[in-house]
Amino acid sequence: MSDAIVDGWCARIRDCAAREAPVAIVGGGSKAFYGHRVDGETLDTREHAGIVDYEPTELVVTARAGTPLADLETALAAERQMLAFEPPHFAEGATLGGTVAAGLSGPRRPYSGAVRDLVLGIRVIDGHGRHLAFGGRVMKNVAGFDVSRLMTGAQGTLGVITEVSLKCLPRPAAETTRVFECPADDAIRRVNEWSGHPLPLSATCYVDGRLAVRLSGAAPAVEAAARKLGGDAMPDADTFWRSVRDHAHRFFERGSGEVLWRLSVKSTAPFTDFDGVQLVEWGGALRWVRGASPALDAARLRAFAASHGGHATLFRGGNGRDGIFHPLAPAVMTLHRSLKEAFDPVRVLNRGRMYAGF
Amino acid sequence: MTTATANPASGRRDVSGVVDALLTRYGARAVTTRAIREQHSHGEGLADPALPDVVVYPRDNDEVAAIVRLCHAARVPVIAFGVGTSLEAHVAALEGGVTIDFAEMNRVLEVNVEDLDCRVQAGVTREQLNAELKGTGLFFPIDPGANATIGGMAATRASGTNAVRYGTMRENVMGLTVVTADGTPIHTGGRARKSSAGYDLTRLIVGSEGTLGIITEIQLRLYGLPESITAAVCQFPDLGSAVRTVIAAMQMSIPVARIELLDDVQMDACIRYSKLEGYEAKPTLFFEFHGTTAGTAEQAELMQQIASEHGGSAFAWTSAQEERNKLWKARHQAYYAALALKPGHQAFATDACVPISKLADCVLETRADVEREGMTAPIVGHVGDGNFHLVLLFDPKDPADRERAEGIARRCSARAIAMGGTCTGEHGIGVHKLDALVEEHGDAVKVMRAIKHALDPTNILNPGKTVPMHD
């Protein structure tokens, strides 16, 4: 049945390529806000859902792209396992395919790996309508180019993801969150210092003048680290971290005309006030900046991110006139165009989602 | 095995013009002597030399870019060379051309202790990097065995014994400077945790074996030195018990840094070579735990408990460095112990990776194949990842012996693929596994070929490797 669905999609993409008609790939629509709007005939991945293979002893799960993330997480939780990159859902109905295509990871990312680190293999339909498999279900694979990782975060512009194999990890036996009241620069300094120590950190978040630090692992290690760090225990920490992960925390409530920027920088980048409010995650490496659109100057934010080894993305809101994603150097842009050409020469797949033309 | 056939001069022009230009421009840093060209004609795998026309030693990114531009204009092959420890003929100059040796690009450019990262030139070796990190409290954990260059390790997506805890080059390269096929230097990734905007070019280039671009600089993640390291060794009645012990440990999330398996043939070789006492020629697991003093002691104890539930015996563990080295001596000397089994023979190393539940079966079936062929081939496994290595000992003077070895390697690849694994978890494709790549990936190889064509339209970057350009 499912093979028939994929065969059908292949035929559709071949047909669209022949007609030069763009295809807009959609899943649960939970990340529709992310990236430029795509026009085209809708290809809904949700009809291709379900876990194909889950062997808890292997710590590997393979599921179809349309599988709801929530279903996948429930299946893993039943075996006391998890997706270690703590994927954001943002809204109900988020799918596995969309999660991998967006390439976004949650609070645990600096400590357990990004989505791309945990993708072991992937199946995609390219712009020629060919269904192809890259990578596999094993931890190490150096056979050929690492196309699985290239697809992760390519936002469907290089292929329609149909199936993904992911490494999963056992859930930590114990977890606790400590809270510290401190100014922002102090919070950034502290988390960077702690990152260099053998502490079982699994998330950090600075918001509203408070630094929250999550510790995960074996109970004795977590307890010892909590004693060492001090601070206060956070009640109902799971709810807090879920709200940060999914942008349900009130920090992410945008007033009218407000935009949300995502700055990915080296973790020690100094705290800088951008005429907006900030939430700092990932041990200092991820800075969310919310504020009024004209005051938050794209050029300034991008210059700051670039000078600290990273990049800035207009994550939500705004008109995207200055581009949503960080501009690419000309030679890098040339490589991007070449890659798009290799996978999807007619540019039918999610055309324009990332940059003009792809 | 794919034979290394050159594509005779198709579109290739004027190698001698390029050689002359390099000799003029780089003087003593461009070398055409036979000895040097021979030294750069093969890695550590099967010798089968294929000589470049010239070896050149650039000092910076601009010089690399200039050399590639010259090669691009003349459509002359260009091959990056670190210290030549690759195993699948990655550096063989199948069609001649220019080999770029990174020996003079061996500077650690920056170490950012607070950011836990560093930037190095491609010619820095991993031991050199760790020596330069002394006193910072940081280290670079990826350990493929050989003292390879960081550039070579990035190009082959190297991993090794530490991968269970620290990952492979894939997870630890944050960004690159790469010279593209037309001689343009580009930067990928950066110092931020999340890869750079756009497609993940860093991870596309990592593991591309010099066929998509020449890596000149690498931004690497570093780690705090663990407060404590403990090591343990345990013997098992059979391979299955050893593998089941590892599976149980992974399920319990014991943060093992290394888990190495030596099969009974390899242990027999090690006992004799390293003059070990107190061990039998039985499948043996070697563990290393990194963490806090309390943590690593607890992990070793927990490990002993699991091992004994699976029939483990002769369990020994220690935290003292000298004792650790002693415990791991067999593992460290495994390759030489294997060679000593058959003096006068050469080693043909191959590797494969399978789901861990299939590891015991895959190893045992491979062993049976080795015995059927009347060969000797000790096996060492990075068992936490389902990855194992076969060292096939063959008589270099007997072509039939080598053919037998090649047959076993070929069937080992096919077996791993049939079990849901891959034809190589560490060594790479190079020249030798092009057929296996097609077997494993099918039509997807066409897309890899399209990627190669997109990034290197005139096929000058390490031609004949990684992806077969013809059906």
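"In which hand, right or left, does helix 15 of chain B pass helix 16 of chain B? Let me start there. This is a predicted model, by the way. The crossing of helix 15 and helix 16 in chain B is right-handed. Helix 15 of chain B covers residues 399-418 and helix 16 of chain B covers residues 434-441, and their axes come within 10 Å and cross at roughly 15°. With that angle, helix 15 of chain B counts as roughly parallel to helix 16 of chain B. As for who meets whom, helix 15 of chain B brings B:Ser413, B:Ala414 and B:Ile417, and helix 16 of chain B brings B:Ala436, B:Glu439 and B:Glu440.

Staying in chain B, let's look at strand 12, residues 228-235. That strand is mostly covered, with 7 of its 8 residues buried. Strand 12 of chain B pairs with strand 14 of chain B, residues 284-291, in the antiparallel sense over 8 bridges. If you want a pair to click on, B:Ala232 has B:Phe287 in strand 14 of chain B as its bridge partner. Strand 12 of chain B is also joined to strand 15 of chain B, residues 313-318, by 4 bridges, again antiparallel. There, B:Val233 stands opposite B:Ala316.

OK, over to chain A. Here we have an open sheet of 8 strands, paired antiparallel, in the order 13-10-12-11-15-16-14-17. Which strands stand at the edges? Those are strand 13, residues 232-233, and strand 17, residues 311-316, of chain A; each has a single partner strand, so one side of each has no neighbour in the sheet.

The partner is strand 14 of chain A, residues 258-264, which pairs with strand 17 of chain A over 5 bridges in the antiparallel sense. Within that pairing, A:Leu263 bridges to A:Ala312 in strand 17 of chain A.

A:Tyr34 sits in the loop between strand 1 (23-26) and strand 2 (41-44) of chain A, and it's buried, with a relative accessible area of 5%. A:Tyr34 and A:Thr313 are 279 residues apart along the chain, and their C-alpha atoms are separated by 9.5 Å.

Strand 10 of chain A, residues 174-181, pairs with strand 12 of chain A over 8 antiparallel bridges. One of the pairs is A:Glu181 with A:Arg210 in strand 12 of chain A. Helix 8 of chain A, residues 219-229, packs on the sheet there, touching strand 10 and strand 12 of chain A, and its direction makes about 155° with that of strand 12 of chain A. Then there's helix 9 of chain A, residues 237-245, lying across strand 10, strand 11, strand 12 and strand 15 of chain A, at about 70° to strand 11 of chain A.

Last stop, A:Ser216, in strand 12 of chain A, residues 210-217. Buried or exposed? A:Ser216 is buried, at 12% relative accessible area, which is under the 20% cut-off. What does its side chain make a polar contact with? The side chain of A:Ser202, at 2.6 Å. Beyond its sequence neighbours within four places, A:Ser216 also contacts residues including A:Arg108, A:Pro172, A:Glu175 and A:Val222."

Note on methods
Residues numbered from 1 in each chain as written. Chains lettered and ligands numbered in written order. Predicted model: local features only at pLDDT ≥ 70, side-chain atom pairs only at ≥ 80, totals over all residues. Heavy atoms only, no water. Helix = DSSP H or I, 4+ residues; strand = E, 2+ residues; numbered from the N terminus. Buried < 20%, exposed > 50% of the residue type's maximum accessible area, 1.4 Å probe, protein only. Polar contact = N/O pair within 3.5 Å; in protein donor to acceptor, adjacent residues only side chain to side chain. Contact = heavy atoms within 4.5 Å. Pairing = 2+ DSSP bridges. Axes fitted to C-alpha atoms, helices over the stretch in contact; angles between N-to-C directions. Parallel < 35°, antiparallel > 145°, perpendicular 65-115°, else oblique. Left-handed = near helix turned anticlockwise from the far one by under 90°.
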